[in-house]
Amino acid sequence: MHTNPLQKTFVLLLLALLLVACIGCARGEETMPAATPEPIFIVTHAPQVESIPTPIPEPQLKYIFLFIGDGMGYNQVQTASEALSADGREPLSFLDFPVQGSVKTNNVEGKVTDSAAAATAISTGQKTVNGFLGLDSGKNRIETIAEALRNLGRKIGILTTVSLDHATPAGFFAHVDSRRSYATITDDLFASGFDYFAGGGFHNTPDAPELALENGYALIHSFEEAPVSTEGKLILSSSLIFGDFGVLPAIDGGARTNWLKKATDLAITRLSVPEGFFMMVEGGRIDYFCHYNDAGSFVAELLDIDEAIRSALVFYAQHPQETLILVTADHETGDVTLREGDRAALLRQVISSDICDNTLVADSLAAKTPFEEALPLFVSAFGLDDLSKEETALLKEAYAKTIAKNAPGNTSNEESGVYEPITTACINLVAARAGVRFGSGGHTQKDVPIYAIGIGSEFFGGTYENTNIHDAIFQAVAQYPIS
Ligand SMILES: [Zn+2]
């Protein structure tokens, strides 16, 4: 093709312009804006970048908390709950658990259960006679849920506010036909190989330190002594024991404050392993004070186990796909009923009937304190302000009986507890003001509540026998295995 010089110049100019433009492209974005593709273009052409939701982990039941309020019937729970709300305090932690059930507690003979038969039913799934631990009614040894879960490689913890050889904790490791066979129960405790025990003392085992050593347990008496390493087996036998080798009553405050919560926290620290744990935590003195019809003290014990349950709930919040929390009772004690009253009066009592006998009453007897001088001390210990004439007369009469009896100290026992007349008059007055009535000094056949939250909790709704608690725990374990 023939081109004239003008055309040639034009073509060269065009080429030069194109060259400059291309250099600009290669250098950067200033000369020509870089092509900005539509976002849809990237998505369409990028390989597999559509957002994948974070997979929800499969629930695995690793961590099981079984809280047992000994003697904690429906009305004990309602009493404590209403006392809190009357005082403007936070409600109990477990009342709104999503699954709730009702548990029948009779023993194998259809009679009122004791704590031994009830603990055995819960732990083995078989009813037995009163006094038996880990044995069926034919005295055959039956495996407890704690032993079975230990054999599956889980860590086991047994915690209580009463003595370590008491019926409820013993129902998870002992096999004996009398709950009072303390030596056998202690032997079984050491033989269990469970990882952690926390509670009061032992009834008649002066060689507990030697036994602990022989069986590979570290034995400590306070939280300060807890080993830094969480390896190994541990027994916390509290030095804060009182009378029956149980831990001091909660209401007397001070040293005992939140002992069970701290013991539960220590259990969580020591037992949280990938293989999982089972822990039974007992509020053992709810029963004790219901036997004695001491309402202020049983409420304090119930609030005390509630603090331990709060620790479990904190753990649950961190492990929601792996944790089950159960809160129940072995039986009801005291046949508690409620009528109108000032429930907050229960929270104004700051001394237990036990400690009152051993301090206020003993001191008054020793000093032969006249009623007028002693009265303000009892009024302040039991929160009995604004006494009416009738109430004052009642206390005066009781105090006179105490002085006449002149036998200081607590002479009561668990079956037939009787306090000093002045102590009894004070706890009766608190209960009357609060609208709490006791129909009995013993256990009853009333159903007890169960509250459940977490993985496998769906197995705990409805009304059933106490043996079903054992069965339902196994159903939950089978339904949500650890992979
Ligand atoms: Zn009892």
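Two residues are taken to be in contact if their C-beta atoms, placed from the backbone, lie within 7 Å. The structure is a predicted model, in which local features need pLDDT of at least 70 and side-chain atom pairs count only at pLDDT 80 or more, whereas totals for chains, interfaces and linings use all residues. Residues are numbered from 1 along each chain as its sequence is written. Helices (H or I, at least four residues) and strands (E, at least two) are DSSP runs, numbered from the N terminus.

By the contact criterion, Gln76, Thr79, Ala80 and Ala83 of helix 3 meet Ala295, Phe298, Val299, Leu302 and Leu303 of helix 11. This contact of helix 3 with helix 11 comprises seven nonpolar, two polar and no charged residues, where Ala, Val, Leu, Ile, Met, Phe, Trp, Tyr, Cys and Pro count as nonpolar, Asp, Glu, Lys and Arg as charged, and the others, Gly among them, as polar. The axes of helix 3 (residues 74-86) and helix 11 (residues 295-318) come within 10 Å and cross at roughly 85 degrees. Helix 3 is therefore roughly perpendicular to helix 11; angles of 65 to 115 degrees fall in this class, while those under 35 count as roughly parallel, those over 145 as roughly antiparallel and the rest as oblique. Axes are lines fitted to C-alpha atoms, for helices over the stretch in contact, and angles run from 0 to 180 degrees between N-to-C directions.

An open sheet of ten strands has the order 5-6-4-3-9-1-10-15-2-16, with mixed pairing; two strands pair if DSSP finds at least two bridges between them. Strand 5 (217-220) and strand 16 (462-465) form the edges, each with a single partner strand, so one side of each lacks a neighbour in the sheet. On average, neighbouring strands of this sheet are turned by 15 degrees against each other, direction ignored.

Within the sheet, strand 9 (residues 277-283) is largely enclosed by the rest of the structure, because seven of its seven residues are buried. A residue is buried if 20 or more other C-beta atoms lie within 10 Å of its own, exposed if 12 or fewer, and partly exposed in between, with C-beta atoms placed from the backbone. Both faces of strand 9 are covered, with Phe277, Met279, Val281 and Gly283 on one side and Phe278, Met280 and Glu282 on the other. Strand 1 (residues 63-69) pairs with strand 9 in the parallel sense over seven bridges, and isoleucine 64 has phenylalanine 278 as its bridge partner in strand 9. Strand 3 (residues 155-160) also runs parallel to strand 9, joined to it by six bridges; isoleucine 158 stands opposite methionine 280. By contrast, strand 10 (residues 323-329) and strand 15 (residues 448-454) run antiparallel and are joined by four bridges.

Glycine 199 lies in strand 4 (residues 196-199) and counts as buried, with 30 C-beta neighbours inside 10 Å. The residues touched by glycine 199, not counting those up to four places away in sequence, include Leu159, Pro169 and Val247.

Helix 16 (residues 421-434) has 14 residues and reaches 20 Å from its first C-alpha to its last, close to the expected 20 Å, the expected span being 1.5 Å times one less than the number of residues. Helix 16 is mostly covered, as eleven of its 14 residues are buried. The cover of these buried residues includes helix 11, helix 13 (353-367) and strand 13 (436-438). Just after helix 16, glycine 435 takes a positive phi of about 80 degrees.
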